[in-house]
Amino acid sequence: MRIRAIAESDLDELQALARETGVGFTSLPDNREFLAEKIELAVTAFEQRTPADRRNYFFVLEDEASGELAGCCAIEGQVGREVPFYHYRLGTLAHSSVQLDLHRTIDTLFLSSDHTGDAEVASLFLRPQYRGEDRRHQRNGALLSMMRWLFIAEFRDQFPDKVLAEMRGVFDERGKSPFWECLGSHFFPLDFDEADRLTGLGQKSFIGELMPKFPIYTPFLSDEARACIGQVHRDTRPALAMLKKEGLRWEGFIDIFDGGPTVEAYIDDIRAVRKSRRCRVEVHAGSEPPAARPRWLAASTDMAAFRAAWIAGGPNEDDTITLSEQEARRLDVVAGDALRVLDTEETP
C-alpha cells in the first residue's frame, strides 16, 4: 500500500469512493463534474501553480496488488478565503437576579467564522474491505491519517500557524441527524442530504444568509440534539483517536449541520511535525524484509511526485536510511534522494 498525489486518471475510482462514503461526508460528494474539478485543482496545487493559500492537496491510497484505490485524504491550505467557512462556537451566557438571589449559566451556540485562514486536514475515507485487524489492513487508516503531517512538515512554509479537522457527527439508525432535525431543518427549506450536498459542492453562502445571527440557547434543543453536540459518528472514532494522539483538541467548535466536533492545534505543536526528520536514502539490493507491524513511516520530498508508505526500519546514526528495492520503488526514490521519516510509536 502507498499514498500518492491524485492524478487525472483517478476520476472513475474517486467517484466510486465518493459513492461509498455515506451520509454526512460533506467533502466528497458523488458529483463527477465536481470531482473532476477537485482533481484538476489538486494537480495544480502539487505543481505549485496556484497560491499557497488557495491550494487543496488531495491524496489517494493505492493497493499495489490490484491497482485500485483503497481510500483518500486531503489537506486544504487555508479555509474560508474564497467560500465562507462556518461553525457553531459553544459558549456560555450568565444570567443573575439580585432580587431572587439566583445565578444561572446557559450554554449557547454562536455562528462563527473564527477558523478562516487555518489549514484543514479533511476527506479521510477508507473502503470497508481495507479496514480490519489482519496484518495487511491494520495500519491503512493510520497511513492515511499520519502521512498528512509528514507532508505539512516537509512543506511547512506553505501552511499557516493552525490546522483543524472536522469530525462527522452522530446519526441514528435511520441515517438521520438528531441535531439537524432539531435545529438546521427549521432554517433551511432543504433536507439534510441536500444541504450536505450543497456544502460539499462549495455552495455555502446560504448558511450565513439563512442561519440566525443571534446566539441559540441549547436548553431549547431536544435532549437528543444536545447529546450530539461535540460527539462523533461511530465510524469516525478511530480517526478522532489518531488526531488526539497527535495533539489536536476540541475547543468548543461544532459542525452547524450535525453537531460533530472540530478539533484543532498549532501545527508546530503536532507530535508528528515535531518528531519527523529528513534522511538520505540508501538502497539495498534484495527482497523486502518482513515487517509484521512496521513502525516507521516515510514520505518523499518532491511535492509534485509525493509518495508515502510504511517501511521496515528506521534511519542509522548518520541519518541515512536503507530501503529494499521494493520500498524504494514504492516511494519512487533512488540512492541519494531525501526522505522524511517518522517513528510512529515514539512517545510525544
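Leaving aside its neighbours within four places in sequence, with which residues is phenylalanine 151 in contact? In this predicted model, phenylalanine 151 touches Phe46, Tyr57, Phe59, Ile75, Phe159, Met303 and Phe306. Phe151 is also among the residues with the most contacts inside the largest nonpolar core.

**Nonpolar cores**
- The largest nonpolar core comprises 64 residues, and Tyr57, Phe58, Phe59, Trp149, Phe151 and Phe159 have the most contacts inside it.
- Helix α3 (residues 140-154) supplies the largest share of this core, with ten residues.
- Another core, of 20 residues, lies apart from it and includes Phe171, Ala225, Cys228 and Ile229.

**Glutamate 264**
- Strand β10 (residues 261-266) contains glutamate 264.
- Glutamate 264 counts as buried because its relative accessibility is 7%, and the cut-off for buried is under 20%.
- A polar contact of 3.4 Å joins the side chain of glutamate 264 to the side chain of histidine 115.
- Leaving aside neighbours within four places in sequence, the residues in contact with glutamate 264 are His115, Lys162, Val163, Leu164, Gly247, Leu248, Arg249, Glu251 and Phe253.

**Overall architecture**
- The protein has ten helices and 15 strands.
- Its radius of gyration is 22 Å, close to the 20 Å given by the globule rule for 348 residues, so the protein is as compact as a globular protein of that length.
- Taken along the principal axes, the box filled by the C-alpha atoms is roughly 80 × 45 × 40 Å.
- Among contacts with a separation of 6 or more, 72% are between residues 24 or more positions apart.

**Burial and surface**
- Of the 348 residues, 52% count as buried.
- The protein exposes about 16,300 Å², of which carbon and sulfur atoms supply 46%.

Methods: Residues numbered from 1 in each chain as written. Predicted model: local features only at pLDDT ≥ 70, side-chain atom pairs only at ≥ 80, totals over all residues. Heavy atoms only, no water. Core = buried A, V, L, I, M, F, W, Y, C linked by side-chain atoms within 4.5 Å. Buried < 20%, exposed > 50% of the residue type's maximum accessible area, 1.4 Å probe, protein only. Helix = DSSP H or I, 4+ residues; strand = E, 2+ residues; numbered from the N terminus. Contact = heavy atoms within 4.5 Å. Polar contact = N/O pair within 3.5 Å; in protein donor to acceptor, adjacent residues only side chain to side chain. Rg over C-alpha atoms; globule rule 2.2 N^0.38 Å. Areas by Shrake-Rupley, 256 points an atom, 1.4 Å probe, with all protein chains shown as cover.
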